[in-house]
Amino acid sequence: MSSSAFHQSQRTILLACLAPATAFFLAFWLLPMARLLALPAQQGWETYFVVLTHSRYLTSLVNTLVLSLVVTALTLVLGATVGIYLARTPIKGKAFLVSLLTMPLSFPGVIVGFFVILLGGRQGPVADIFQQLGMGRVTFAYGMIGLFLAYLYFSLPRAIANYTAAAEAMDPALEEAARTLNASKWHIVRDVWIPQLAPTTVASGAVIFATSMGAFGTAFTLSSKIEVLPISIYNEFTNYANFALAASLSIVLGLITWLVLFIARIMTEKK
C-alpha cells in the first residue's frame, strides 16, 4: 500500500470514529443551545434583558449572586483552615476523618435540604427550643439562612478535600527557608502558603460559586420564602409554560457561571 493510500485510510478511520461524537455533540449540545438562544426572540429582543427590567427577576438574580458569593467566601476560609490543619497535623485515623468530612459529597441536594428542615424546620429541635422559651416556633429552614447553611454544608467537603491535597503537596523547603530568615507566622502564611494555595483557591472558588448559582434540588426543597434564579426558571418553564422567559433567565445564569469559570481557568493557567 502506498503512503498516500495509507494516510487516506487513516483519515477515513478517524472520521468514522469522530462521527458518533460529532452527532452526539450536534444533537445534545449545539442544537439545544441554539434553540435556547433563539427562544427569547420570539417575544421580542427585550426578553433577553428581562432579568434587569423586571423587579421580581432582578431580585431573584441578586439573591442568587449574594448567596453564592457569601457561600463561596466562607467555604474557602473554612475549607482552607480545616484542610491545612488536616494536612499538617498528625492525627490517628486521619483517612477515616477525611472520609467523614467529605461524606456530604455523596448526598444529592434534596437530601441536604431535608437535613436543614430536620434541624430548622417547623418540627425541628430549633423550633422546639424557641417554643419552650415562649417565642413561638421560630424556623430558619425555608429562607436565606436555610439555603445558606445547606449550600455551605454541600460545598465545604469539596473545599476541605481540595485544600488538604494542596497543603500536603506544598514545598516544605520554602517554609523552612522563610523560618531561617526569621519570618513571622503571618509572613509565612502571606508569602509561602497563600501563593502555593492560590491555584486551589481560584479553582475551588469558581466551582463552588458555579455550583451554588445553579443548585436546584436544595433550593427547590427550601426556598418557600425566598426565590433564587433556578427556581424562577423552573416556575416559568413548568408552572407557566413561558419557555421564552425561562430561556432568557437560563442564558443569564449560564453566562454568569461560564464567565466565572472562564476567568478562573485563565488565572490558574497564568500561575
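Q: What is the handedness of the crossing of α7 and α9?

A: This is a predicted model. The crossing of α7 and α9 is right-handed.

Q: Which residues of α7 and α9 make the contact?

A: From α7 come Y151, F154, S155, R158, A159, N162, Y163, A166 and A167. From α9 come L197, T200, T201, S204, V207, I208, T211 and S212. An α-helix has 3.6 residues a turn, so residues three or four places apart point the same way.

Q: How do the residues of that contact divide into nonpolar, polar and charged?

A: Nine are nonpolar, seven are polar and one is charged.

Q: How are two packed helices described?

A: By the angle between their axes and the distance between the axes. Here the helices are α7, residues 144–168, and α9, residues 185–214. Their axes come within 10 Å and cross at roughly 160°. That makes α7 roughly antiparallel to α9.

Q: How far does α7 reach from its first C-alpha to its last?

A: It reaches 35 Å with 25 residues. That is close to the 36 Å expected at 1.5 Å a residue.

Q: Where does α7 bend?

A: The bend is at S155, by about 30°. A proline, P157, follows within four residues. S155 is also one of the α7 residues in the contact with α9.

Q: Now a loop. Where is the place of N242?

A: N242 is in the loop between α11 (229–239) and α12 (243–270). Leaving aside neighbours within four places in sequence, N242 is in contact with Q43 and E236. N242 and P40 are 202 residues apart in sequence, yet 9.8 Å apart in space, C-alpha to C-alpha.

Technical notes: Residues numbered from 1 in each chain as written. Predicted model: local features only at pLDDT ≥ 70, side-chain atom pairs only at ≥ 80, totals over all residues. Heavy atoms only, no water. Axes fitted to C-alpha atoms, helices over the stretch in contact; angles between N-to-C directions. Helix = DSSP H or I, 4+ residues; strand = E, 2+ residues; numbered from the N terminus. Parallel < 35°, antiparallel > 145°, perpendicular 65-115°, else oblique. Left-handed = near helix turned anticlockwise from the far one by under 90°. Contact = heavy atoms within 4.5 Å. Nonpolar A, V, L, I, M, F, W, Y, C, P; charged D, E, K, R; others polar. Expected span 1.5 Å × (residues − 1). Bend = angle between axes of the 7 residues up to and from the residue.
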